[in-house]
Amino acid sequence: MKYSNECPFCTETRYINNRLVNLPAEEAILFENNDIYVRVDISPLCLGHVLIITNKHYLNFFELPKEIKIQVSKLKEKIKEVYKEIYNSDVLFFEHGSAQSGYAGASIDHAHLHCIPYEFDLTDTLNEKLGQAEECNILSPEKKFNNEFSYIYIESEKNGNKIYRVEKLPSQFLRREVFEKQGSQEYKWQEKCITLDSVKNSKKTIEDLKDKIFIE
């Protein structure tokens with residue numbers, strides 16, 4: 001399957017890959033304001049997998065302006081509330097935080113934070129492969145991003161906010177780790193998104209979360 005070379009998260013082109021593979025497009029957007037939007041992942045890691053994405057083309061969430069960080073933090077709290085209600089689950093947040101294009105395992109160089117029901121504890125695996133993490137909330141308004149390093153960010157109620165400073169990682173590094181925990185080697189979103197289980201999870205996530213994720 002051939003996908004577009006244009007950014008699939010920028011406002012003008014954000015539906016392009018969904019339409020190429022005949023997946024829900026406009027319906028996959030669960031919330032939007034001037035700065036951020038929430039959409040169902042085109043190739044969910046599991047039921048309930050959504051992304052928080054910036055409208056403007058930032059490389060990562062750490063570098064966001066203070067006012068957008070505050071909005072994202074509010075949105076995360078709403079997502080936690082909704083996932084507890086719908087999936088009876090905490091939320092695992094993670095990001096491939098590229099400081100330069102193509103780094104930290106990001107296959108799309110546009111800031112996007114993954115949100116999934118907490119089914120996968122990645123802490124031990126990441127400590128083993130990436131070394132010890134630092135405690136860090138990338139959305140803290142007081143934190144300034146040092147774009148000399150890329151990072152992996154992971155957050156959960158169980159393990160807190162952790163950041164791993166990294167150099168270049170394989171594309172879709174965290175996606176691969178999650179799928180390996182499920183006993184699957186088919187981690188690439190470009191191939192996985194058209195499988196029956198992926199399509200089913202996409203459509204069911206839209207159904208589950210429609211009109212439930214929002215901030216004032």
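**View 1. Lining of the second largest cavity in the predicted model.**
The structure contains 2 cavities of 30 Å³ or more. The second largest cavity, shown here, has a volume of about 40 Å³. Its lining is formed by Asn18, Leu23, Pro24, Ala28, Val40, Asp41, Ile42, Ser202 and Ile206. Sorted by class, the lining of this second largest cavity comprises 6 nonpolar, 2 polar and 1 charged residues.

**View 2. Packing of helix 3 against helix 4.**
Helix 3 spans residues 123–130 and helix 4 spans residues 173–181; the axes of the two helices lie 11 Å apart and form an angle of about 130°. That angle makes helix 3 oblique to helix 4. The crossing of the two helices is right-handed. On the helix 3 side, Thr125, Leu126, Lys129 and Leu130 take part, and they meet Phe173, Leu174, Glu177, Glu180 and Lys181 of helix 4. The contact of helix 3 with helix 4 is made up of 4 nonpolar, 1 polar and 4 charged residues.

**View 3. Packing of helix 2 against helix 6.**
Helix 2 covers residues 66–87 and helix 6 covers residues 196–209. Their axes are 11 Å apart, at an angle of about 105°. An angle of 65 to 115 degrees counts as roughly perpendicular, and helix 2 and helix 6 are therefore roughly perpendicular to each other. Helix 2 contributes Val82, Tyr83, Ile86 and Tyr87 to the contact, while helix 6 contributes Thr205, Asp208 and Leu209. By class, the contact of helix 2 with helix 6 has 5 nonpolar, 1 polar and 1 charged residues.

Key
Residues numbered from 1 in each chain as written. Predicted model: local features only at pLDDT ≥ 70, side-chain atom pairs only at ≥ 80, totals over all residues. Heavy atoms only, no water. 1 Å grid on protein atoms, 1.4 Å probe; cavity = no way out; pocket = protein on both sides within 12 Å on 5 of 7 lines; lining within 4 Å. Points joined across faces, edges and corners; volume = space filled by probe spheres on them. Nonpolar A, V, L, I, M, F, W, Y, C, P; charged D, E, K, R; others polar. Axes fitted to C-alpha atoms, helices over the stretch in contact; angles between N-to-C directions. Helix = DSSP H or I, 4+ residues; strand = E, 2+ residues; numbered from the N terminus. Parallel < 35°, antiparallel > 145°, perpendicular 65-115°, else oblique. Left-handed = near helix turned anticlockwise from the far one by under 90°. Contact = heavy atoms within 4.5 Å.
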